[in-house]
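Open the model and keep the sequence at hand.

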Amino acid sequence: MMDDNYNFGFLDERTKKMIRRAMLKAVAIPGYQVPFGSREMPFAYGWGTGGVQVTASVIGRDDVLKVIDQGADDTTNAVNIRRFFARTTGVTTTEKTAQASIIQTRHRIPETALEEGQVIVFQVPMPEPLFRLEPRRRETITMHALAEYGLMNVKLYEDIAQLGAISRTYDYPVLVNERYLTSPSPIPKFDNPKMHMNPALQLFGAGREKRIYAIPPYTAVRSLDFEDHPFEVQRWDHACALCGAADSFLDEMIVDDEGSRLFVCSDSDYCGERRDAGYCGTQQAVHMPVNLLPLPLGEGRGEGREEGPRAEALAPTLSQKEREVIQ
Amino acid sequence: MNDDLLLSVRGAGKRFMQGNRLRWACRDVSFDLYPGEVLAVVGESGSGKSTLLRLLAARLACDEGSVHYDVRDEAGTAAAASAAGEAGLVDLAQLSEARLRWLARTDWGFVEQHARDGLRMNVSGGANIGERMMALGSRHYGKLRGQALSWMERVELDVDRIDDLPGTYSGGMQQRLQIARNLVTHPRLVFMDEPTTGLDVSVQARLLDLLRELVDQLQLAAVIVTHDLAVARLLAHRMLVMKDGQVVEQGLTDRVLDDPQHAYTQLLVSSVLTP
């Protein structure tokens, strides 16, 4: 049911051609940030204008689109972008990871492994991983050109020295194809290993910063670390309360004022499929007295806290899943 | 003798546009520097000392003349460098930006007058010392920390302050940290721009003592810009007196200071206050 008042995919053909050209260059140089003429979109910056432009330029009439935000298909951002594409392209949309040919995402990579032929589009707020460390753009360009990435390790060193561990839990810098230092967008570092040798094409769009970059299928992606402080992903002591999954990224939600926490899969499609297959969790929140909680490890010390998937997971908005449990 | 020259400067000059007028900040500077030799550049404010230093460190490009440096290859052997067509003295203007940055990170040090310009103020002292090693690919936290600690000891900094930000250090400590940060890759040549200015005399004396010791231990060559003749007397083997962008006199430090030939040098030497 495409709205005929729009060109297919909202953008005009010349713009799509320009963006495709930038994407081709991005695929040819994995991890390299290609500047492009980002357009005004009918969204506010920060709502995925970069990702939307990338998706609008790769989408075809036969594509099946899935949009996720924080792993869930039913959050505001995901619903809006899915409706936007349903209206401007008329393509089929889905919530099933396996059925989608294009997945636009914010903050997560689906738990279900991606396959060849799928495209995953990331919405990126800040494409430059050296942004907080080196304010001069010209200097960061030189650093990328000469592959001088020691500075990123200085930051990680500082984390270990001050906090005992690398504190960065999302937007954890990676080296793509052993060459370009790249921001994986604010996905939790839990998802970083999924990028390595992924059979799907990974495209990244930053609308406000006007940059596109890509990780082609089967490209090496290495998370930076120290030899004696290797990269590690988050682990939870609990399983998902709904589906019992112990291997997925869990959202932690405070459900009362006595420290009870509900742990549920952040990927709603994965959780739903497991429940349909008969898996079942404890169905209840975990009581954690406040004095037993680990002290927060100052996530990035004020570095764009609002971008953290955890911060938003803790926001007092009840998702569909949570309401189901409480009832 | 010519073989082991480290730095050779021939007629180097730099000009700036001021309004519509061309002004030479320094001109016609020629000298040679050998490994392990310390050269002081003295002169009054505005005489072109700092511009000259920036020319030597390739932070500015020469407008005339040239600066040649004895470039080693990355493993430190001259043989491989000569195979790559970079045997012995190379004109810095011919080197790529990547090569220059590599030189500045490994073979050179640059101690700024204001420690804040030479330090990374938002990371701890330890990270400042480790930065060059991380830039060279060191990825072992324990070793980096060990190096940082041993260098802090060498420059007589309190090792308990390793995780403190340089902003919390005193001026003298910042200057020591800056020196440690530069020397950690064992450079052969260190440029210093008024390293003791702004420190009180007792701190100055200890810093000079430290510098003299390090220069001796590590066989460092150094070019020190200063307007303090006492610093030159203490540290330098030879000195260069500059006025209005020109070198008016050069020679062994003791000779220049005890028997100044040029009128300006005589004025300079006689202006020093003795308590």
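Buried means under 20% relative accessible area, and exposed means over 50%. This is a predicted model. Start with Cys243(A). Its relative accessible area is 1%, so Cys243(A) is buried.

A disulfide is a covalent bond between the sulfur atoms of two cysteines. How many disulfides does a search of the whole structure find? Over all chains, the search finds zero. Cys243(A) is in no disulfide, and its nearest cysteine sulfur belongs to Cys265(A), 3.6 Å away. The cut-off for a disulfide is a pair of sulfur atoms within 2.5 Å. Is Cys280(A) buried or exposed? Cys280(A) has a relative accessible area of 56%, so the residue counts as exposed.

Now step back to chain A as a whole. Its secondary structure comes to nine helices and 13 strands. The chain has 327 residues, and 56% of them are buried. Take the contacts in chain A between residues at least 6 apart in sequence: 67% of these join residues at least 24 apart.

One helix pair deserves a look. Two packed helices are described by the angle and the distance between their axes. In chain A, helix 1 spans residues 13-28 and helix 2 spans residues 49-58. Their axes come within 9 Å and cross at roughly 100°. Helix 1 and helix 2 of chain A are therefore roughly perpendicular to each other. By class, their contact has five nonpolar, two polar and two charged residues. Helix 1 of chain A brings Lys16(A), Ile19(A), Arg20(A) and Met23(A). Helix 2 of chain A answers with Gln53(A), Val54(A), Ala56(A), Ser57(A) and Val58(A).

Move to chain B. Asp107(B) lies in the loop between helix 3 (97-106) and strand 6 (108-111) of that chain. Its relative accessibility is 2%, so Asp107(B) counts as buried. Leaving out residues up to four places away in sequence, Asp107(B) touches Tyr69(B), Arg72(B), Trp102(B), Pro187(B), Arg188(B) and Leu189(B).

Last, the two chains together. The contact takes 21 residues from chain B and 21 residues from chain A. About 1900 Å² is buried between chain B and chain A, and carbon and sulfur atoms give 55% of that area.

Conventions:
Residues numbered from 1 in each chain as written. Chains lettered and ligands numbered in written order. Predicted model: local features only at pLDDT ≥ 70, side-chain atom pairs only at ≥ 80, totals over all residues. Heavy atoms only, no water. Buried < 20%, exposed > 50% of the residue type's maximum accessible area, 1.4 Å probe, protein only. Axes fitted to C-alpha atoms, helices over the stretch in contact; angles between N-to-C directions. Helix = DSSP H or I, 4+ residues; strand = E, 2+ residues; numbered from the N terminus. Parallel < 35°, antiparallel > 145°, perpendicular 65-115°, else oblique. Contact = heavy atoms within 4.5 Å. Nonpolar A, V, L, I, M, F, W, Y, C, P; charged D, E, K, R; others polar. Buried area = accessible area lost by both parts, 1.4 Å probe.
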